[in-house]
Amino acid sequence: EAVEGNPYLADFYADMERWSFNLQIYFLKSRFEQVRQIMDRTQRIIQDRTIYEDAHIFAKNLYESGLMSARDYESYLALFELMMSVVKPPDLMIYLRADLTKLVGQIQKRGRDFEANISEQYLRDLNRHYEEFVENYKDGKLLIIEVNELDYANRPDDLAKVIDLVDKSLLYG
């Protein structure tokens with residue numbers, strides 16, 4: 001996920017209610033641009049965040065937690081639905097399932113100053129929305145990988161395991 005050059009990210013973490021809509025529109029635009037580029041290519045692409053996550057997890061979470069108004073959320077969803085009318089679902093949706101401890105550790109490893117004060121409740125709510133999303137995802141193949149005990153960035157065997165699971169899912173569904 002590109003955070004460099006995002007004109008809203010630092011402001012969002014400083015005042016989530018004020019900047020939630022702006023940030024989510026920025027991410028939605030960026031994700032839609034990525035989807036259009038992916039649809040124009042013939043080779044396989046791995047995308048870190050999807051346009052689905054922006055709407056079904058992040059924007060929904062901001063709305064339900066009172067950080068985005070109903071008017072802004074409805075406008076956001078209308079734009080999302082319009083974009084989805086031209087989006088082809090991915091060949092494989094991969095959900096890396098992690099508990100709160102793992103998520104906090106990953107955020108700390110990134111060392112981004114603006115993420116330092118993310119509340120655990122915010123992360124719990126995001127996790128809940130991810131679980132709801134994968135439970136209801138019907139647009140294509142879905143692979144859920146439990147990552148609490150994996151460290152595929154530093155342990156080659158863990159990375160090989162993930163690659164094997166992805167390959168098998170793409171081949172055999």
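Helices (H or I, at least four residues) and strands (E, at least two) are taken here as DSSP runs, numbered from the N terminus. On that basis, the protein has 7 helices and 2 strands, and from the N terminus on they run α-α-α-α-β-α-α-β-α. This is a predicted model, so to speak: local features need pLDDT of at least 70, side-chain atom pairs count only at pLDDT 80 or more, and totals for chains, interfaces and linings use all residues. Residues are numbered from 1 along each chain as its sequence is written, and side-chain values use heavy atoms, with hydrogens and water left out.

As for overall dimensions, the C-alpha atoms fill a box of roughly 45 × 35 × 30 Å, taken along the principal axes.

Now for a helix pair. Two packed helices are described by the angle between their axes and the distance between the axes. For α3 and α4 (residues 70-84), the angle is about 170° and the axes lie 11 Å apart (axes are lines fitted to C-alpha atoms, for helices over the stretch in contact, and angles run from 0 to 180 degrees between N-to-C directions). That makes α3 roughly antiparallel to α4, a label for angles over 145 degrees. In contact (heavy atoms within 4.5 Å) are, among others, Y52, H56 and K60 of α3 and Y73, F80 and M84 of α4. The residues of this contact divide into 11 nonpolar, 1 polar and 2 charged (Ala, Val, Leu, Ile, Met, Phe, Trp, Tyr, Cys and Pro are nonpolar, Asp, Glu, Lys and Arg charged, the others, Gly among them, polar).

How values were computed: Angles under 35 degrees count as roughly parallel, over 145 as roughly antiparallel, 65 to 115 as roughly perpendicular and the rest as oblique.
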